Amino acid sequence: MENRIIKRTITTLLVTVMIASIFAIPYVKYDGVYAAAKVKVTYKANKGKFTSKKYKKKKSFSKMITKGKKLGTAPKIKRSGYVFLGWTTKKNGTKKYTKSTKVKKNVTLYAKWGKKFTKKTKYSNLLERKFNSIADLEAIVGHLDPYPMSGYSGNVYVDSIDNYYYLENLQLVSIYTEVRYITNAKKAYPVDEFMKLFGQKKYKFGTNDGAPVVYWYGSTRYWEFDYYKTKKRIYPTNGVFISIYQ
């Protein structure tokens, strides 16, 4: 009697495991054979062009992947004068699909594009310049008022639009300005999109006096952008600190 109970229990467990394994990945039955269910992913170039020979003349194409699996590698794409910002579920959407996104149903993905920023260099071009007097700098940026800053050995001045100029022996070594004064950005952008449009591939997240910043060291400049931490966005009015990198 005990043996029969044990055998029945083992059989029940085996059946349970088999059922669980079947439904862990959705399966469908074709001609009496079970196979993993598939979903269709359609890529639309959205005014761009696919770079591979197989798809470069097409405006869209589709592929089948196992339901619930990760999207995987997406096709490479380009558009003259624009930066590719990712694959989204709408033409200019915010919901992005990456290679790690699990696809659970048929989906159409659009290439999202952004126009490259026009960089304004009025302020950054002043860095390293040696002035004969503060009046020479004022002739370029307008009236300046001294701005006391403890712990700084040089002199700091502020203009009428709250740009800050750091000078050492009348050489301009740093400027604190705003995003709108160095780019033509008119709205807020997620940090990753902003950096792509700005043309910066590598950057780091950090803090400065407790405030969140995005920064990097260039060959001759140190760049530091303030950003809105909650949404990880950079606004036109966010501050930018640019300094000589030595």
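**Aromatic rings and their setting**

A: Tyr152 counts as partly exposed because its relative accessibility is 23%, whereas Tyr166, at 12%, counts as buried; buried means under 20% relative accessible area, exposed over 50% and partly exposed in between, with a 1.4 Å probe and protein chains only. This is a predicted model, in which local features need pLDDT of at least 70 and side-chain atom pairs count only at pLDDT 80 or more, while totals for chains, interfaces and linings use all residues. Residues are numbered from 1 along each chain as its sequence is written, and side-chain values use heavy atoms, with hydrogens and water left out.

Across the whole structure a search finds 27 aromatic pairs (rings of Phe, Tyr and Trp, the last by its six-membered ring, with centres within 6.5 Å; planes under 30 degrees apart are stacked, over 60 edge-to-face and the rest tilted). Tyr152 and Tyr166 form an edge-to-face pair, at 5.5 Å centre to centre with 85° between the planes. This pair links distant parts of the chain, 14 residues apart, since Tyr152 lies in the loop between strand 10 (145-146) and strand 11 (155-158) and Tyr166 in strand 12 (residues 164-168); helices (H or I, at least four residues) and strands (E, at least two) are DSSP runs numbered from the N terminus. Tyr215 and Tyr217 are also edge-to-face, because their ring centres are 6.3 Å apart and their planes stand at 85°; Tyr217 counts as exposed, with a relative accessibility of 52%. Elsewhere, ring pairs link Tyr43, Phe50, Tyr55, Phe61, Phe84, Trp87 and Trp113 into a cluster.

Strand 12 runs antiparallel to strand 13 (residues 171-178), to which five bridges join it, and the bridge partner of Tyr165 in strand 13 is Ile175.

Leaving aside residues up to four places away in sequence, Tyr165 touches, among others, Tyr123, Leu137 and Tyr157, where a contact means heavy atoms within 4.5 Å.

Helix 3 itself is largely enclosed by the rest of the structure, because six of its eight residues are buried; Phe194 and Phe198 are among the buried residues. Gly199, whose phi is positive, near 90°, follows helix 3.

Charged side chains face two of the rings. The charged end of Arg79 sits over the ring of Tyr82, 3.7 Å from the centre of that ring, and Lys232 lies over the face of Phe205, at 4.5 Å from the ring centre; the criterion is NZ of Lys or CZ of Arg within 6 Å of the ring centre and within 35 degrees of the ring normal.

How values were computed:
Two strands pair if DSSP finds at least two bridges between them.
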